[in-house]
Number of protein chains: 2
Amino acid sequence: MRVQVLRLGHRVKRDKRVSTHVCLVARAFGAEKIVFEGEIEKKIKEKVKDVCERFGGGFSIEETSSAQKYMREMRENGFAVVHLTMYGIPLTKVLGELRGMNRVLIIVGAEKVPRWVYEEADYNISVTNQPHSEIAALAVFLDRLLRGKEFKMTFKGAKLRIIPSRKGKKVLKI
Amino acid sequence: MRVQVLRLGHRVKRDKRVSTHVCLVARAFGAEKIVFEGEIEKKIKEKVKDVCERFGGGFSIEETSSAQKYMREMRENGFAVVHLTMYGIPLTKVLGELRGMNRVLIIVGAEKVPRWVYEEADYNISVTNQPHSEIAALAVFLDRLLRGKEFKMTFKGAKLRIIPSRKGKKVLKI
């Protein structure tokens, strides 16, 4: 399954660290790309590229001038559009249906999400109806959608690989 | 199963939003309490208390002067100590064992985690060996440990309840 993430409502400075976490989760949990509406800090792009260079894989980070346009384009390319929101239908109720998809675009918002997102998304889906974190929602969503793929992934071209250990840190330089 | 979260290395200002997400995930995914080492911003405590008042439940947020002391005390009280780290053993390998526990203290670090944590934790566990987010790691860990408990929880004393919907937002005032 091809997965992309569309990040809405990123606020320069204020959301820097949270948006960086969103990027790294997207990469580590099996998405191919994250797209931001508007411009983002150089530092976010550098951080993500640095992780990709060291830990491998073909993940990319991009910007679009219009999230709505991007969403519509992707839908024409066969992507189902899933908006993660605490107001949506519980993930557990639609998971079976979603697992049958070939391409999924996941919309992840910051504080205020415009109404068109709720209206145009194919699915408004909640990972609990409690307020928590778009980072957590994205991770749990991908873990379940892709059946724990993140535990089995290997990243091509990695310069570093971590060897799981009971105590301490083991890093293999390749 | 009783679950608590111990948050290490919170840096005032810089980690404010990330630490707030950690708190809200702990609450929404079934922990009873989060404890920070050192002092944290009033704003974090206010935000968490505000969510608890509006959305219910008995979740609490506390500070301790020594994380190590707190960890040792909790262990004496029968808590297994789990440190979430990208260097640890994959969650999937120890999940069966962990599900048999009665009490779990989860340690979640920020950038630099002191060596005693790796050495004294009963388990150093990874949610992938890739760099991503302690928020994501905590959410996936709790989702799997408590078998999707977050989707079934109800919070006592809630003033607001969200009614899952296919489009838009439905909020019930109680």
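Select helix 1 and helix 2 of chain B, whose crossing is right-handed; a crossing has this hand if the near helix is turned clockwise from the far one by less than a right angle, and is left-handed if anticlockwise. The model is predicted: local features need pLDDT of at least 70 and side-chain atom pairs count only at pLDDT 80 or more, while totals for chains, interfaces and linings use all residues. Residues are numbered from 1 along each chain as its sequence is written, and chains are lettered from A and ligands numbered from 1 in the order in which they are written.

The axes of helix 1 of chain B and helix 2 of chain B come within 10 Å and cross at roughly 30°. Axes are lines fitted to C-alpha atoms, for helices over the stretch in contact, with angles running from 0 to 180 degrees between N-to-C directions. Helix 1 of chain B is therefore roughly parallel to helix 2 of chain B, as angles under 35 degrees count as roughly parallel, over 145 as roughly antiparallel, 65 to 115 as roughly perpendicular and the rest as oblique. Display B:K16, B:S19, B:T20, B:C23 and B:L24 of helix 1 of chain B together with B:K43, B:I44, B:K47, B:V48 and B:V51 of helix 2 of chain B, which make the contact. Residues are in contact if their C-beta atoms, placed from the backbone, lie within 7 Å. This contact has five nonpolar, two polar and three charged residues. Here Ala, Val, Leu, Ile, Met, Phe, Trp, Tyr, Cys and Pro count as nonpolar, Asp, Glu, Lys and Arg as charged, and the others, Gly among them, as polar.

Next, show the side of chain B that touches chain A. The contact takes 40 residues from each of chain B and chain A. On the side of chain B, helix 1 of chain B gives the most, with six residues. By class, that side has 19 nonpolar, 13 polar and eight charged residues.

Remain in chain B and select B:T128, in the loop between strand 6 and helix 6 of chain B. B:T128 has a positive phi of about 75° although it is not a glycine. Most residues other than glycine have a negative phi. B:T128 counts as buried, with 24 C-beta neighbours inside 10 Å; the cut-offs are 20 or more for buried, 12 or fewer for exposed, and partly exposed in between.

Move to chain A and select A:K13, in the loop between strand 1 (2-7) and helix 1 (16-28) of chain A. A:K13 also is not a glycine and has a positive phi, of about 70°. With 7 C-beta neighbours inside 10 Å, A:K13 counts as exposed.

Then select helix 4 (residues 91-99) and helix 6 (residues 134-145) of chain A, which pack at an angle of about 50° with their axes 10 Å apart. The two helices are therefore oblique to each other. The contact joins A:L91, A:L95, A:L98 and A:R99 of helix 4 of chain A to A:F141, A:R144 and A:L145 of helix 6 of chain A. Five of these residues are nonpolar, none is polar and two are charged.

Finally, view chain A as a whole. Its secondary structure comes to six helices and eight strands, where helices (H or I, at least four residues) and strands (E, at least two) are DSSP runs numbered from the N terminus. Of the 174 residues of chain A, 45% count as buried.

Methods
Contact = placed C-beta atoms within 7 Å.
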